[in-house]
Amino acid sequence: MTDSKYFTTTKKGEIFELKAELNSDKKEKKKEAVKKVIASMTVGKDVSALFPDVVNCMQTDNLELKKLVYLYLMNYAKSQPDMAIMAVNTFVKDCEDPNPLIRALAVRTMGCIRVDKITEYLCEPLRKCLKDEDPYVRKTAAVCVAKLHDINAQLVEDQGFLDTLKDLISDSNPMVVANAVAALSEIAESHPNSNLLDLNPQSINKLLTALNECTEWGQIFILDCLANYTPRDDRESQSICERVTPRLSHANSAVVLSAVKVLMKFMEMLPKDLDYYGTLLKKLAPPLVTLLSAEPELQYVALRNINLIVQKRPEILKHEMKVFFVKYNDPIYVKLEKLDIMIRLASQANIAQVLAELKEYATEVDVDFVRKAVRAIGRCAIKVEQSAERCVSTLLDLIQTKVNYVVQEAIVVIKDIFRKYPNKYESVIATLCENLDSLDEPEARAAMIWIVGEYAERIDNADELLESFLEGFHDESTQVQLQLLTAIVKLFLKKPTETQELVQQVLSLATQDSDNPDLRDRGYIYWRLLSTDPVAAKEVVLAEKPLISEETDLIEPTLLEELICHIGTLASVYHKPPSAFVEGSRGVQHKRLPARAGSGESAESPDTVSTGGVSEAPPAVIPSQGDLLGDLLNLDLTPPTTTGPPPPTSSMQMGAMDLLGGGLDSLLGGDIGGSPAMGASFGAPPAVMPGSFNAPVSGGLSDLFDLGGGVGMPMGAYVPPKTVWLPAMKAKGLEISGTFARRSGVVQMEMTLTNKAMSVMGDFAIQFNRNSFGLAPAGPLQVLTPFTPNQSIEVTLPLNTVGPVMKMEPLNNLQVAVKNNIDVFYFSCQYPISMLFVEDGKMERQVFLATWKDIPNDNESQFQIKDCHLNSDAASNKLQGSNIFTIAKRTVDGQDMLYQSMKLTNGIWILAELKVQAGNPNYTISLKCRAPEVAQSVFQSYEAVLKN
Amino acid sequence: MIHSLFLVNASGDIFLEKHWKSVVSRSVCDYFFEAQERATEPENVPPVIPTPHHYLISVLRHRIYFVAVIQSEVPPLFVIEFLHRVVDTFQDYFGVCTEAAIKDNVVVVYELLEEMLDNGFPLATESNILKELIKPPTILRTMVNTITGSTNVGEQLPTGQLSVVPWRRTGVKYTNNEAYFDVVEEIDAIIDKSGSTITAEIQGVIDACVKLTGMPDLTLSFMNPRLLDDVSFHPCVRFKRWEAERILSFIPPDGNFRLLSYHVSSQNLVAIPVYVKHNITFREGSSQGRFDLTLGPKQTMGKAVESVLVSSQLPRGVLNTNLNPSQGTYTFDPVTKLLTWDVGKINPQKLPSLKGSMSLQAGASKPDENPTINIQFKIQQMAISGLKVNRLDMYGEKYKPFKGIKYMTKAGFIYINWRLLCSSSEWTLAHKNLY
């Protein structure tokens with residue numbers, strides 16, 4: 001080396017030096033150089049410039065050098081695809097090597113090179129390796145299929161590797177079986193409908209045999225795969241459970257938890273009076289307890305899962321309360337989880353111990369933990385009635401500590417205790433009032449105000465107390481303001497003589513000086529009530545309140561069932577269904593516990609207990625059912641025995657509706673939506689006629705009816721212009737563009753199909769994936785045949801909303817599969833939610849007022865519609881066409897307020913307040929709905945309707 | 001499956017990354033750093049962190065965060081278990097698992113990680129197999145390698161990889177055949193102020209060091225196997241035999257391994273072999289407090305309690321202490337307020353005690369935190385649960401091995417909640433009267 005290296009930058013010098021060493025003749029020097037390269041790579045330095053030099057070292061018989069070069073290749077092949085081709089030959093050669101280690105190494109590395117050009121060369125060697133005589137090579141090749149699938153799924157399918165992989169499930173070597181299962185599971189995840197893991201009793205038996213002999217990791221894959229199986233009857237279920245139980249004693253906690261999942265699921269099928277059922281319950285407790293003595297990270301995941309298990313089957317751990325006691329050195333995330341489970345397990349038998357512990361925790365240092373502990377005491381009081389008194393006195397003790405956040409937290413939970421046990425613990429109010437001044441959190445202030453209002457007749461200076469809050473009324477948060485308003489009205493109704501001034505003050509503050517619509521409206525309602533009929537007001541405001549229920553925090557039963565099927569996964573850690581957050585898993589299957597033999601739905605299981613507490617679930621937006629048979633995008637990929645949705649029944653009734661709807665709308669469509677649908681209704685039916693008989697008759701008839709009915713219709717619903725849903729490039733020459741419309745009460749999908757391929761198309765069929773509103777085709781897709789190249793046809797497909805439901809993201813997303821004689825194509829499109837607004841969506845005024853008030857403020861969302869130059873009447877008319885009905889109109893300061901309602905096909909009401917100011921092109925819209933998820937889509941529809 | 005692994009040191013630098021699929025930018029760790037900043041203590045970083053496109057699952061060991069990046073639904077326990085296995089392997093190979101050791105052996109680390117996972121699927125995680133594939137670095141071997149040009153990567157397919165006993169390599173030879181078993185028990189307990197036990201549980205393990213020639217088949221039986229109702233076995237243990245006869249029958253891996261771990265819960269009465277008498281008082285209006293602590297053995301079956309270490313977090317108001325240990329040494333750190341007393345061995349005739357006074361911050365309100373006492377100790381030749389090995393037999397080989405069994409009891413986390421004499425509510429009342 002000359003001194004020149006000192007004149008270059010270090011980095012360049014280094015690369016330069018390495019290059020020289022890599023090209024050295026000495027083997028030893030070469031190897032050292034490769035090692036240096038790898039070392040630089042690991043710390044994130046870019047050494048890709050050395051690619052050709054490193055690859056040159058590949059043809060060596062030194063195994064370590066070979067491995068190192070392979071390591072390098074995997075990292076950089078992607079950035080140097082052309083160079084990477086140089087390596088192909090060596091791979092092919094190495095796959096023939098007599099040493100199985102080298103064969104396996106080659107096949108392993110091959111799959112890690114994510115370069116499209118190369119993958120094609122790798123199919124042949126991979127095929128050989130999958131059938132290799134050495135199981136070590138076979139098991140490596142199995143994983144390689146998964147790798148290749150990740151790079152080029154089509155190639156893997158075309159080459160038939162999936163079938164070979166399925167065959168490997170029956171391999172004689174357990175490790176090969178385990179890897180094949182793992183690979184198939186991974187492929188299946190990105191391919192939810194492929195039925196790759198088609199489990200039957202024979203394959204289950206093979207898996208169970210392999211389970212005993214493969215590695216711990218293999219056991220996890222096999223157990224997770226077993227959990228997807230549904231046994232035919234309780235006998236089979238029991239025998240699987242028996243063979244899985246030994247896994248509970250495994251040292252690897254992931255194996256244990258996967259085994260717990262299988263058992264929890266299959267247990268559901270066992271009759272409860274069976275001895276074995278009881279035995280199994282007993283066997284489940286110790287392994288779960290053991291998980292809690294592992295490292296904290298493991299404990300955390302275990303605790304999240306135990307939380308689910310305890311909700312589903314509290315009997316398993318009911319005697320194990322003590323293991324959930326918090327240890328001094330637990331990380332905070334473990335402490336919080338333990339606390340949660342302690343409350344779930346609290347019962348009359350152990351409440352004394354639990355309370356003693358909780359009181360201890362409330363004096364710890366960590367604020368979050370202390371708060372949760374205080375809250376837990378309150379939850380215990382509500383859960384275990386016998387303990388309520390002790391809980392209250394414990395809380396009072398804590399209030400005496402005067403630690404600010406403890407006091408506030410305690411007051412919030414005492415309010416809940418009052419609501420559960422009215423007229424029982426009012427003696428403590430005096431103590432609470434002493435702390436009035438120290439409350440600075442809105443929730444605590446609101447709770448305190450509620451208490452004062454509720455028990456105003458027993459608090460001598462209630463008026464003074466409330467008045468003191470009134471001073472800074474406008475600085476308070478909304479929840480405090482609302483509480484204050486209600487509390488003062490209550491006070492007035494209880495002590496009308498002394499507090500008249502106070503109530504007038506608060507009413508004027510709420511109605512005149514506030515710009516919060518909720519507060520204002522509530523103020524007006526009270527005002528009106530008080531001024532018209534004080535007796536009625538008393539009945540309304542001081543009405544007996546329903547008691548709050550025990551468990552407000554239980555997971556909703558259907559979700560719980562699904563989560564139990566996902567024990568041990570991320571879903572179980574987040575307590576959310578996998579569809580809600582796992583990326584890339586479009587249309588995840590909804591898993592459900594199997595039904596117990598003979599008993600239909602398990603009515604006695606604990607999940608039915610919680611009905612009262614859970615706040616009203618929004619109807620049907622969240623999927624309430626799902627079936628194990630999975631999704632329906634499986635038109636062609638599965639044998640006909642698997643079930644899709646059953647369209648035949650609905651298509652009958654749809655056909656009848658079509659008489660009035662279908663054709664007529666496509667006629668009207670021409671002038672309203674500006675869509676070229678006209679051609680379809682004229683062109684298509686006659687041509688279809690000869691093909692089949694029963695369906696087209698209605699189509700033809702409808703055309704006759706249309707001509708008469710189409711005249712003099714009011715302004716119709718807004719139909720968005722057609723957009724290209726499926727470009728020809730992606731669908732082997734078939735192009736589909738389309739839109740959605742609601743015509744005479746029927747939702748329709750209007751499509752233009754264009755054949756841009758070189759050949760004739762035929763055999764069309766269509767299916768939808770489950771979607772948020774259960775949209776499904778109401779009839780078959782009618783495409784006139786032959787559909788020749790360069791031809792375009794218009795097709796109108798009537799839809800109904802009785803299909804299976806699954807929440808989509810975004811809500812109005814629709815995934816569609818279209819089949820023709822060439823292939824199946826998938827695309828997704830978004831429909832305007834306005835086409836789901838039904839015709840009877842006009843609410844009564846009174847109902848509207850009550851509903852508006854009834855829906856919590858959190859559910860309100862506000863949007864701005866910009867650049868809209870309609871006056872309020874025109875807007876109202878336009879919206880009416882899309883079934884958005886104006887119920888009332890009010891003009892305040894030159895600003896028009898339109899109160900509007902609409903109803904979705906699944907019965908969800910949406911209330912809206914539209915502010916239109918003359919001369920201002922920007923509208924403000926507030927939406928309120930019990931299912932706030934829909935707000936965004938509704939707003940989009942508003943915008944679309946108003947601007948077109 | 002597992003996409004990538006990042007190693008992050010205590011100061012928040014990524015010092016190693018490994019990708020098993022496509023490369024994930026290290027900027028993904030920013031979400032981890034955010035969580036790290038939010039956590040008050042290093043160990044409070046949540047183990048599962050969601051990011052928009054990935055999930056980060058991490059474990060903290062030896063002050064290094066091992067952060068795994070996953071993209072699809074993978075059982076988190078699987079990832080965590082695997083990460084712990086990685087740490088164990090590093091420790092096994094390099095003696096320690098520190099940033100320096102990893103950096104020094106970066107190529108071996110890379111080779112190991114590459115062998116342990118393939119495309120995110122675990123490949124070889126048994127230390128026996130790994131050591132056949134990649135020889136651990138030793139000074140001697142490095143020298144030999146440099147001279148002869150040989151490598152530390154095995155040329156042969158590891159024999160155990162596919163046999164029915166994947167944990168054992170074939171062709172093992174020893175001149176001295178020996179098998180040692182250590183029964184080690186740890187007690188975790190929480191004791192309340194009155195001295196009664198709130199929870200107590202025993203975590204036991206049987207660690208083995210087996211150096212036997214050939215393919216020995218061992219059986220181990222216990223005097224009182226009923227104690228073991230909650231056990232986790234090494235894969236080598238034949239579970240059916242255990243279920244039926246309560247005998248451990250297995251072909252052992254070669255070298256050190258954990259044969260089983262067990263858990264004796266609070267249902268079976270657990271006696272804690274040490275008791276503590278303690279008294280701490282603060283007088284009203286005075287800046288002095290009294291401190292008095294005495295230890296004694298309890299139900300130790302005549303075995304000595306050794307290496308006793310007492311530590312306690314004193315209230316923040318304590319400025320300093322002036323204490324007198326009857327034996328051993330004590331330290332008090334006025335900054336962290338941590339009192340540690342290295343007692344040594346407990347002599348039942350002359351119980352160790354620590355007495356004296358504490359000076360408090362003048363004028364400060366009386367401390368209202370609950371100090372806790374943590375005790376650590378060791379007892380040789382006794383398993384506190386009473387577990388005893390009956391006999392160990394070997395089949396399948398002709399020679400006579402040397403056998404040995406050791407017992408030991410350790411304190412895991414024994415915490416004694418140590419309440420102040422007046423309860424907190426009384427104190428606040430008194431406090432109020434001052435104004």
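A residue is called buried when its relative accessible area is under 20%, exposed when it is over 50%, and partly exposed in between. In this predicted model, Thr801(A) has a relative accessible area of 28% and therefore counts as partly exposed. Thr801(A) is placed in the loop between β6 (792–800) and β7 (813–819) of chain A, and, when neighbours within four places in sequence are left aside, Thr801(A) is in contact with Phe773(A), Gly774(A), Leu775(A), Leu836(A) and Thr905(A). Although Thr801(A) and Ala778(A) are 23 residues apart in sequence, their C-alpha atoms are 8.7 Å apart in space.

Two further positions in chain A illustrate the other classes. Asn771(A), which is found in the loop between β4 (765–768) and β5 (776–777), has a relative accessible area of 0% and is therefore buried; beyond its neighbours within four places in sequence, the contacts of Asn771(A) include Pro804(A), Val805(A), Met806(A) and Tyr831(A). Ala430(A), by contrast, belongs to helix α23 (residues 429–434) of chain A and is exposed, because its relative accessible area is 51%. From Ala430(A) to Arg458(A) the separation is 28 residues in sequence and 9.9 Å in space, taken from C-alpha to C-alpha.

Helix α16 (residues 275–291) of chain A contains a series of buried residues, among them Tyr276(A), Tyr277(A), Leu280(A), Leu281(A) and Leu284(A). The buried residues of α16(A) pack against α14 (234–244), α15 (253–267) and α17 (296–312) of chain A, and also against β11 (231–233) and β13 (255–264) of chain B.

Side chains of opposite charge can pair when their charged atoms come close. Over all chains, the structure holds 58 salt bridges. One of the salt bridges is formed by the side chains of Arg108(A) and Glu114(B), at 3.4 Å from N to O; since Arg108(A) lies in helix α6 (residues 100–112) of chain A and Glu114(B) in helix α4 (residues 106–116) of chain B, this pair joins two chains. Arg108(A) is buried at 5% relative accessibility, and Glu114(B) is likewise buried at 8%.

A salt bridge also links Arg344(A) with Asp340(A), at 4.0 Å from N to O, and both residues lie in helix α18 (residues 332–345) of chain A, four residues apart, which is about one turn of the helix. Arg344(A) is buried, with a relative accessible area of 11%, and Asp340(A) is buried with a value of 11%. In a further salt bridge, the closest N and O atoms of Lys415(A) and Asp416(A) are 3.9 Å apart. Salt bridges that share partners join Arg108(A), Lys147(A), Lys18(B), Glu114(B), Glu115(B) and Asp118(B) into one network.

Conventions:
Residues numbered from 1 in each chain as written. Chains lettered and ligands numbered in written order. Predicted model: local features only at pLDDT ≥ 70, side-chain atom pairs only at ≥ 80, totals over all residues. Heavy atoms only, no water. Buried < 20%, exposed > 50% of the residue type's maximum accessible area, 1.4 Å probe, protein only. Contact = heavy atoms within 4.5 Å.
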